[in-house]
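User: I have not worked with this protein before. Could you take me through its structure step by step?
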Amino acid sequence: MNAAAIAALSRAGVAVEVVAQTGSTNADLLARASTLAAPLLLIAEHQSAGRGRAGRSWLSSPEGSLTFSLAWRFDGGPQALLGLPLAVGVALADTLGTLGQQVQLKWPNDVLKDGDKLAGILIETQSAPGGGTWCVIGIGLNLLMPDEMEAQLGRSAAGMPWLARMDRDALMAALLDGLADCLREFTARGFAAFSARWNLRHAWQGETVVLLDGGVVRHEGRAAGVDDSGRLLLDTDEGRITVMAGDVSLRVKA
């Protein structure tokens, strides 16, 4: 990929860097956050130590994946970022939809295609010098899913072969534009501006699910979407409860 071409194709006005290989684009941008003066998109052709939620590994391949992180500064502290991972999911889904690829969303931060994971989102924060918060939004998007990678994962995963044939610079520019629009709207209106769109794409709406914490079932109920703060709505035998995103795993009940 070519950084200058992506910046030229994008209307976001965000600086772009491309590196051949790194451990983690999120870690790289977090290390640079104290010196950043403006938003920055960092793309890795190959990422050797990608991370998902709770330190889980994110496997990728140079020819079959897009791995990138966007550093964006927000005024205020982390509390103002409630629901941001879900809003980013909406932005990815909307952008992919404009490219003819329909996807669903799984709470709190996964993009699914035909029930399998297509993309993951990892958001990390760091205090900005002089106030505010630098937010680093890491995204791994599968384009191709070869059998050997599925074997490594130990589960099925989704790909989008049509997008793999698309010009990578144009695809990356479209994703950047969608993310920048999302972050500006989130700054102005919070997650409430996204909740209805998220619920329209909710993969498990109406399904009976369990919430696991450290392998232990904490809640069970019928998934009823999210509220305007990004909390999961769960209809249980005792009534409706709300669940904040944390290090919990959501599964459809077998």
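User: Which residue stands opposite Val209 in E9?
Analyst: Val209 faces Gly221 of E9. The model behind this answer is predicted.

User: How do E8 and E9 run, and how many bridges join them?
Analyst: Strand E8 (residues 208-213) and strand E9 (residues 216-226) run antiparallel, joined by 6 bridges.

User: What is the order of the strands in the open sheet of 5 strands?
Analyst: The order is E11-E10-E9-E8-E12, with antiparallel pairing. At its edges are strand E11 (239-243) and strand E12 (249-252), each of which pairs on one side only. On average, neighbouring strands of this sheet are turned by 45° against each other, direction ignored.

User: And what is the order in the open sheet of 7 strands?
Analyst: That sheet is ordered E1-E2-E3-E7-E6-E5-E4, and its pairing is mixed. Strand E1 (15-22) and strand E4 (104-106) each have a single partner strand, so one side of each is left without a neighbour in the sheet.

User: What about E3: how many of its residues are buried?
Analyst: Strand E3 (residues 65-74) is mostly covered, with 9 of its 10 residues buried. It pairs in the antiparallel sense with strand E2 (residues 40-47) over 5 bridges. E3 is also joined to strand E7 (residues 133-142) by 10 bridges, and these two strands run antiparallel as well.

User: Which residues stand opposite Ala71?
Analyst: Leu40 stands opposite Ala71 in E3, and Ala71 in turn stands opposite Val136 in E7.

User: Back to H2. Where is Thr25, and is it buried or exposed?
Analyst: Thr25 is in helix H2 (residues 25-32). Its relative accessible area is 2%, and because the cut-off for buried is under 20%, Thr25 counts as buried.

User: What does Thr25 touch beyond its neighbours within four places in sequence?
Analyst: Thr25 is in contact with Leu42, Ile43, Ala44, Gln47, Thr67, Phe68 and Ser69.

User: Now H6. Why does its length agree with what a helix should span?
Analyst: Helix H6 (residues 168-189) has 22 residues, which at 1.5 Å a residue should span 32 Å. Its end C-alpha atoms are 31 Å apart, which agrees. The expected span is 1.5 Å times one less than the number of residues.

User: Changing topic: where is Leu84, and is it buried or exposed?
Analyst: Leu84 is in helix H3 (residues 84-98). With a relative accessible area of 1%, Leu84 is buried.

User: Which residues are in contact with Leu84, leaving aside its neighbours within four places in sequence?
Analyst: They are Phe74, Ile123, Cys135, Leu183 and Phe186.

User: You mentioned Cys135. How many disulfides are there in the whole structure?
Analyst: A search of the whole structure finds 0 disulfides. Cys135 is buried, at 0% relative accessibility. Cys182 is buried too, with a relative accessible area of 3%.

User: Finally, how many helices and strands does the protein have?
Analyst: It has 7 helices and 12 strands. Of the 254 residues in the protein, 50% are buried. Among contacts between residues at least 6 apart in sequence, 65% join residues at least 24 apart.

Methods:
Residues numbered from 1 in each chain as written. Predicted model: local features only at pLDDT ≥ 70, side-chain atom pairs only at ≥ 80, totals over all residues. Heavy atoms only, no water. Helix = DSSP H or I, 4+ residues; strand = E, 2+ residues; numbered from the N terminus. Buried < 20%, exposed > 50% of the residue type's maximum accessible area, 1.4 Å probe, protein only. Contact = heavy atoms within 4.5 Å. Pairing = 2+ DSSP bridges. Disulfide = S-S within 2.5 Å. Axes fitted to C-alpha atoms, helices over the stretch in contact; angles between N-to-C directions.
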